[in-house]
Amino acid sequence: MRTIPSLPHPRFSLVLWVLWLLLAQSASAAHIILGALLAWAIPLACGTVLPPLPPVRRPLGFLAYVGLVAWDILIANVRVARLAFGSVTGLRGATFDVPLDLEEPVAVSMLAATVTLTPGTVTLLIDLPGRRLVVHALDEPDPDAVVIQIKQRYENRLKEIFGC
């Protein structure tokens, strides 16, 4: 008798299932079942290439982080919309390095994703051996201020959340 393989990444499966339901905007039985099947099959198929997720030391801190990032995305959307409807001749794009204190690859990826999800900035390179992110900002006269903001607002919180 064959057994059903277990969940290689249960937290990742839970996130996939919730995201499926949010994207489908439906809690019908068909979407619940299909989302659960995908949340089981995708990590199973990708299990050998997915790094192990670090333990979340502060779950409430993680929820607060998600709220902070959602707020920052909203504010950045307004800022970028103003830039888009204004004169583009005054834009001061900048590319700069963000030195990393984080060593955990998943936490570094979350930091890079946070930067990229925030309109007006994008992570160009994750350099784990060099312990830096290379970031581009659409309009930033003071890149050093953005580095400080990324480190204080996001990286420090991720260090607390994952205990690294």
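Predicted model: local features only at pLDDT ≥ 70, side-chain atom pairs only at ≥ 80, totals over all residues.
Author: Two strands count as paired if DSSP finds at least two bridges between them.

Reader: What lies between the strands in the hairpin of E2 and E3, and which residue takes a positive phi?

Author: The hairpin has 4 residues between its strands, and Arg131 adopts a positive phi near 50°.

Reader: What makes a strand of this open sheet an edge strand, and which strands are they?

Author: The open sheet has 3 strands in the order E1-E3-E2, with antiparallel pairing. Strand E1 (94-99) and strand E2 (121-127) each pair on one side only, and these are the edge strands. From one strand to the next, the twist averages 25°.

Reader: Which helix lies across E2 and E3, and at about what angle to E2 does it run?

Author: Helix H4 (residues 105-117) lies across E2 and E3, at about 155° to E2.

Reader: Where do these elements stand in the pattern of the protein, read along the sequence?

Author: The protein contains 5 helices and 3 strands, and its pattern along the sequence is α-α-α-β-α-β-β-α.

Reader: Why are H3 and H5 described by the sense of their directions as they are?

Author: The axes of helix H3 (residues 59-85) and helix H5 (residues 143-162) come within 10 Å and cross at roughly 165°. Angles over 145 degrees count as roughly antiparallel, and H3 and H5 are therefore roughly antiparallel to each other. The crossing of H3 past H5 is left-handed.

Reader: Which residues of H3 and H5 make the contact?

Author: H3 contributes Gly61, Phe62, Tyr65, Leu68, Val69, Trp71 and Asp72, while H5 contributes Arg153, Tyr154, Arg157, Leu158 and Ile161. By class, the residues of this contact comprise 8 nonpolar, 1 polar and 3 charged. Gly counts as polar under the scheme used.

Reader: Why is Ile161 called buried?

Author: Ile161, in helix H5, has a relative accessible area of 1%. The cut-off for buried is under 20%, so Ile161 qualifies. Leaving aside residues up to four places away in sequence, Ile161 touches Pro55, Val56, Arg57, Arg58, Gly61, Phe62 and Tyr65.

Reader: How far apart are Ile161 and Ala27, in sequence and in space?

Author: They are 134 residues apart in sequence, and their C-alpha atoms are 30 Å apart in space.

Reader: Why does Lys151 count as buried?

Author: Lys151 is likewise placed in helix H5. Its relative accessibility is 16%, which is set against the cut-off of under 20%; Lys151 therefore counts as buried. Beyond residues up to four places away in sequence, Lys151 touches Val98, Pro99, Leu100, Asp101 and Asn156.

Reader: What share of the 164 residues of the protein count as buried?

Author: The share is 27% of the 164 residues.

Reader: What box do the C-alpha atoms of the protein fill, and how many of the contacts between residues at least 6 apart join residues at least 24 apart?

Author: Taken along the principal axes, the box is roughly 65 × 35 × 25 Å. Among contacts between residues at least 6 apart in sequence, 73% join residues at least 24 apart.

Notes. Residues numbered from 1 in each chain as written. Heavy atoms only, no water. Axes fitted to C-alpha atoms, helices over the stretch in contact; angles between N-to-C directions. Helix = DSSP H or I, 4+ residues; strand = E, 2+ residues; numbered from the N terminus. Parallel < 35°, antiparallel > 145°, perpendicular 65-115°, else oblique. Left-handed = near helix turned anticlockwise from the far one by under 90°. Contact = heavy atoms within 4.5 Å. Buried < 20%, exposed > 50% of the residue type's maximum accessible area, 1.4 Å probe, protein only.
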